[in-house]
Amino acid sequence: MQLAIEDRARAHLITDAPQNRSVPVALRYDPSVDPLAVRLVIPPDVSPSSTETEWVFARSLLEKGLSRPTATESGDVRVWPCGRVQAVLELHSPQGVAVMQFDSAALLRFLHHTHESETTPTH
């Protein structure tokens, strides 16, 4: 049995405002639901719909995006490295575009946890 993972991270919401806003997000992985997908959960106070928003995309997209620009086939999720220690996720929806900057270490730690959960023995 593989374990579900939830890590918390802080992202900086990139906007036109003079100061970028720090936002707590949840990174989720549940191999029993979809072993190839990860989920990014954005809190209601940041979402245009004022409800918690969940983005689902391929774990491999996040992995590849830490070293080179990549996107979903539809282009609704884009990931790219930003300097040596940060990464950017760009999320497109009918309500608009959200650009979030993460410390790469937080994303790498989450990805490590997802791979570790696949190899954790159960009793």
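Author: Start with glutamate 90. Leaving out residues up to four places away in sequence, it touches Asp76, Val77, Arg78, Trp80, Val97, Ala98 and Val99. Contact here means heavy atoms within 4.5 Å. Residues are numbered from 1 along each chain as its sequence is written, and side-chain values use heavy atoms, with hydrogens and water left out. The model is predicted: local features need pLDDT of at least 70, side-chain atom pairs count only at pLDDT 80 or more, and totals for chains, interfaces and linings use all residues.

Glutamate 90 sits in strand β7. Strands are DSSP runs of E, at least two residues long, numbered from the N terminus. Is glutamate 90 buried or exposed? It counts as buried, because its relative accessibility is 13%. The cut-offs are under 20% for buried and over 50% for exposed, with partly exposed in between (1.4 Å probe, protein chains only).

Two side chains pair with glutamate 90. One belongs to arginine 78, which forms a salt bridge with glutamate 90, the closest N and O atoms being 3.1 Å apart. This pair links distant parts of the chain: arginine 78 is in strand β6 (residues 77-82), glutamate 90 is in β7, and they are 12 residues apart. A salt bridge needs a side-chain nitrogen of Lys or Arg within 4 Å of a carboxyl oxygen of Asp or Glu. Side chains of opposite charge can pair when their charged atoms come close. Arginine 78 has 33% relative accessibility, so it counts as partly exposed.

The other partner is histidine 92. A polar contact of 2.6 Å joins its side chain to that of glutamate 90. A polar contact is a pair of N or O atoms within 3.5 Å; within protein, one must be able to donate a hydrogen and the other to accept it, and residues adjacent in sequence count only if both atoms are side-chain atoms.

Now look at histidine 92 itself. It lies in β7, residues 86-93. Beyond four places in sequence, its contacts are Trp55, Gly75, Asp76, Arg78 and Val97. Glycine 75 is 17 residues away in sequence, yet the C-alpha atoms are 7.6 Å apart.

Next, step back to the sheet. It is open, has 8 strands and runs in the order β4-β3-β2-β1-β8-β7-β6-β5, with antiparallel pairing. The edges are β4 (53-58) and β5 (70-71); each has a single partner strand, so one side of each has no neighbour in the sheet. Strand β7 pairs with β8 (residues 96-103) over 8 bridges, in the antiparallel sense. Two strands pair if DSSP finds at least two bridges between them. Glutamine 86 has aspartate 103, in β8, as its bridge partner.

Other charged pairs sit elsewhere. The structure has 6 salt bridges. In one of them, glutamate 6 meets arginine 28 at 2.6 Å, N to O. Arginine 8 is exposed, at 62% relative accessible area, while glutamate 6 is partly exposed, at 39%.

Conventions
Helices (H or I, at least four residues) and strands (E, at least two) are DSSP runs, numbered from the N terminus.
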